[in-house]
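Student: I am new to this structure. Could you walk me through it with a few questions?

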Amino acid sequence: MTDGELMIRATAMPTDLNPYGGVFGGWLMAQMALGAGSLASRVGKGKAVVVHATDFTFPGAMKVGDELSVYCEVVATGNTSLTIRAKGVGRERNGEATTDVSEGTFKFVLLDDNDRPRKLAGTIA
């Protein structure tokens with residue numbers, strides 16, 4: 001899914017590691033959620049909150065110092081929601097080699113100023 005839009009880049013730091021010395025899957029999920037949330041807010045033109053996350057896979061591993069790039073794309077829309085697929089690609093710190101390290105799907109609901117669901121612009125009631 002590298003045809004998705006680059007939404008975030010972050011460097012894995014020592015505090016992002018699991019007890020075995022690899023990058024913690026929870027950190028990867030959080031970075032994907034941040035990237036997906038940014039896209040949801042931009043496409044939805046306002047507040048968007050995640051209500052569901054699923055289909056996580058972690059096909060590769062990252063080390064401390066590696067750079068994570070999160071790519072996102074909208075894969076479905078509803079009256080008040082957006083479903084966004086996110087993919088994490090790790091790049092080694094001292095080179096150009098990349099590895100797919102994470103993937104997942106996030107569903108966001110758009111909210112109005114009173115934190116009530118609101119329609120996505122362009123949807124038909």
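Tutor: Gladly! This is a predicted model, and we can begin with a charged pair. E67 forms a salt bridge with R91, with the closest N and O atoms 3.4 Å apart.

Student: Which strands hold E67 and R91?

Tutor: The pair ties together parts that are 24 residues apart in sequence. That is because E67 lies in strand β3 and R91 in strand β4.

Student: Is R85 buried or partly exposed?

Tutor: R85 forms a salt bridge with E103, the closest N and O atoms being 3.1 Å apart. This pair links strand β4, which holds R85, to strand β5, which holds E103. Buried means under 20% relative accessible area. R85 has 17% relative accessibility, so R85 counts as buried.

Student: How many residues apart are K47 and D115?

Tutor: The side chains of K47 and D115 meet in a salt bridge, at 2.5 Å from N to O. K47 sits in the loop between α1 and β2, while D115 is in the segment after β5.

Student: Which element gives the most to the largest nonpolar core?

Tutor: That core has 23 residues, and W27, L28 and F108 are among those with the most contacts inside it. Elements that give two or more residues to the core include β1, β3 and α1. With six residues, the element that gives the most is α1.

How values were computed:
Residues are numbered from 1 along each chain as its sequence is written. This is a predicted model: local features need pLDDT of at least 70, side-chain atom pairs count only at pLDDT 80 or more; totals for chains, interfaces and linings use all residues. Side-chain values use heavy atoms; hydrogens and water are left out. A nonpolar core is a set of buried Ala, Val, Leu, Ile, Met, Phe, Trp, Tyr and Cys residues joined through side-chain atoms within 4.5 Å. Buried means under 20% relative accessible area, exposed over 50%, partly exposed in between (1.4 Å probe, protein chains only). Helices (H or I, at least four residues) and strands (E, at least two) are DSSP runs, numbered from the N terminus. A salt bridge is a side-chain nitrogen of Lys or Arg within 4 Å of a carboxyl oxygen of Asp or Glu.
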